[in-house]
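Trainee: I'd like to go through some labels and ask what stands behind each one. Can you set the values against the cut-offs for me?

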Amino acid sequence: MEPLDETAARAFDELREAMLAVLDGAVLEAGDLIVVDNRTAVHGRTAFRPRYDGQDRWLRRCFAVADLRPSRAVRTPGSQVCAPLKPEVGP
């Protein structure tokens, strides 16, 4: 992400510093699970150099919701699992 002007650059730097001040890291081992509430947390991953040897990290994204009713249209009747998201197609 690149700021568009000097004011934005200062705001971006201030945000970065505020986030670094409260950063709480976690090291996960094979089979570990971490759940992050996107409504209350900012999350990310550190950079790494992949080896493509089958031992690289693998992250699986999933969602949990408190109310399934809004997703009725994308679920099989009686199921609590939504259809997979379709990848976005470029312009």
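This is a predicted model: local features need pLDDT of at least 70, side-chain atom pairs count only at pLDDT 80 or more; totals for chains, interfaces and linings use all residues.

Trainee: What makes Arg 75 a buried residue without a salt bridge?

Mentor: Buried means under 20% relative accessible area, with over 50% being exposed and partly exposed in between (1.4 Å probe, protein chains only), and Arg 75 is in the buried class. A salt bridge needs a side-chain nitrogen of Lys or Arg within 4 Å of a carboxyl oxygen of Asp or Glu. Residues are numbered from 1 along each chain as its sequence is written, and side-chain values use heavy atoms, leaving out hydrogens and water.

Trainee: What does the side chain of Arg 75 reach, then?

Mentor: The backbone oxygen of Ser 79, at 2.6 Å. A polar atom of the Arg 75 side chain also lies 3.0 Å from the backbone oxygen of Leu 68. Polar contacts are pairs of N or O atoms within 3.5 Å; within protein, one must be able to donate a hydrogen and the other to accept it, and residues adjacent in sequence count only if both atoms are side-chain atoms.

Trainee: How do you know that Asp 56 and Arg 51 form a salt bridge?

Mentor: Their closest N and O atoms are 4.0 Å apart, and the rule asks for within 4 Å. Asp 53 also meets Arg 51 in a salt bridge, at 3.1 Å, N to O.

Trainee: Why is Arg 51 called exposed, and why is Asp 53 called partly exposed?

Mentor: Arg 51 has a relative accessible area of 51%, so it counts as exposed. Asp 53 is at 42%, so it is partly exposed. Asp 56 has 21%, so it is partly exposed too.

Trainee: What makes Arg 16 and Asp 13 a salt bridge?

Mentor: The closest N and O atoms are 2.8 Å apart. Both residues lie in helix α1, three residues apart, about one turn of the helix. Helices are DSSP runs (H or I, at least four residues), strands being E runs of at least two, numbered from the N terminus.

Trainee: Why does Arg 16 count as partly exposed?

Mentor: Because its relative accessible area is 36%. Asp 13, with 39%, is partly exposed as well.

Notes: Lys and Arg count as positive and Asp and Glu as negative; His and the chain ends are not counted.
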